[in-house]
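These are notes for a first reading of the model. Please keep the sequence and the 3D view open while going through the points.

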Amino acid sequence: MNEEELAKIKEKALSEHIPIIMDDTLEVIDKILKEKKPKKILEIGTAVGYSAICFSRYLAEGGRIDTIEREHERVEEAKKNIKKVGVEDKINILEGDAVEILPTLNNRYDIVFIDAAKGKYPFFLEQSKRMLNEKGIIFADNILYKGYVMSDYNKHKQRTAVRNLREYIKEVTEDIDCVTEILEVGDGLAISRFN
Ligand code: SAH
Ligand code: MG
């Protein structure tokens with residue numbers, strides 16, 4: 001992997017305010033992936049490919065990441081970035097709305113990373129669970145959404161997002177098939193480890 005190119009991709013994304021995974025969140029996921037060595041990862045929300053490139057280090061031999069992004073420009077940039085770093089054999093981008101694409105997929109995944117439209121998290125969870133392998137792990141980024149989720153905040157345009165993030169937390173917390181931790185790293189990270 002070309003580390004110099006990866007550093008450039010990160011800098012550019014940050015300068016353009018593209019919401020890439022935060023360092024402390026990445027550190028937590030890195031540790032888990034290093035141990036798990038997943039064969040298949042599903043990512044919902046590619047942006048410019050930064051997190052997918054980072055995760056690709058930990059794939060088992062022959063492993064692959066499927067990642068979904070609806071913004072054409074970002075898909076194009078992600079493809080370029082993945083080539084620059086030299087991991088094009090490991091990452092497959094699916095262009096389109098995850099709400100439409102997910103129900104058409106019938107793959108099995110060891111890891112899912114949810115990092116897209118916050119108002120759709122309960123739906124993303126349902127679809128991810130359907131395709132998750134035994135002992136799979138589902139990560140959900142931005143789960144605490146700037147603190148709104150754990151406060152009595154329920155105003156303005158973020159209301160639907162906050163309601164759905166709370167719904168996501170309720171579902172994974174009550175699900176007897178998984179154990180969930182909510183970490184205050186980055187913008188909040190939910191880690192649900194399934195049986
Ligand atoms: N995972 C990336 C950051 C993703 S930012 C990283 O850490 O590097 C969230 C991305 O999800 C944005 O690029 C946005 O366009 C995309 N997105 C939001 N809702 C989506 C949806 N319903 N379907 C597909 N992509 C979506
Ligand atoms: Mg995020």
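Are Tyr121 and Phe124 buried or exposed? Both are buried, where buried means under 20% relative accessible area, exposed over 50% and partly exposed in between, with a 1.4 Å probe and protein chains only.

1. Basis of the notes. This is a predicted model, in which local features need pLDDT of at least 70 and side-chain atom pairs count only at pLDDT 80 or more, while totals for chains, interfaces and linings use all residues. Residues are numbered from 1 along each chain as its sequence is written, chains are lettered from A and ligands numbered from 1 in the order in which they are written, and side-chain values use heavy atoms, with hydrogens and water left out.

2. Aromatic pairs. The structure holds 4 aromatic pairs. The rings of Tyr121 and Phe124 have centres 6.3 Å apart and planes at 50°, so this pair is tilted. Rings of Phe, Tyr and Trp (its six-membered ring) pair if their centres lie within 6.5 Å; planes under 30 degrees apart count as stacked, over 60 as edge-to-face and the rest as tilted. Tyr145 and Tyr148 form an edge-to-face pair, at 5.1 Å centre to centre and with 70° between the planes. Ring pairs also link Tyr121, Phe124 and Tyr168 into a cluster.

3. Helix α6. Tyr121 and Phe124 both lie in helix α6 (residues 121-131), 3 residues apart, about one turn of the helix. Helices (H or I, at least four residues) and strands (E, at least two) are DSSP runs, numbered from the N terminus. The buried residues of α6 are Tyr121, Pro122, Phe124, Leu125, Gln127, Ser128 and Met131. Their cover includes β1 (40-44), α5 (98-101), β4, β5 and α7 (159-174), with contact taken as heavy atoms within 4.5 Å.

4. Surroundings of Tyr145. Tyr145 has a relative accessible area of 12% and is buried; Tyr148 also counts as buried, at 17%. Lys118 lies over the face of Tyr145, at 4.6 Å from the ring centre. A charge sits over a ring if NZ of Lys or CZ of Arg is within 6 Å of the ring centre and within 35 degrees of the ring normal.

5. Metal site. Which residues coordinate the magnesium ion (ligand 2)? They are Asp115 (OD), Asp141 (OD) and Asn142 (OD1), at 2.2 Å. Donors are N, O and S atoms within 2.8 Å of the metal (3.2 Å for Na, K and Ca), and water is not among the atoms, so sites may look incomplete. Asp115 lies in the loop between β4 (109-114) and α6, and Asp141 in strand β5 (residues 132-141), so the pair ties together parts that are 26 residues apart in sequence. Asp115 counts as buried at 14% relative accessibility, and Asp141 at 5%.

6. Lysines with positive phi. Lys135 is in strand β5 and counts as exposed at 55% relative accessibility. Its phi is near 65°, a positive value in a residue other than glycine. Leaving aside neighbours within four places in sequence, Lys135 is in contact with Lys36, Phe194 and Asn195. Lys146 has phi near 55°, again positive in a residue other than glycine. Lys146 is in the loop between β5 and α7 and is exposed, with a relative accessible area of 58%.
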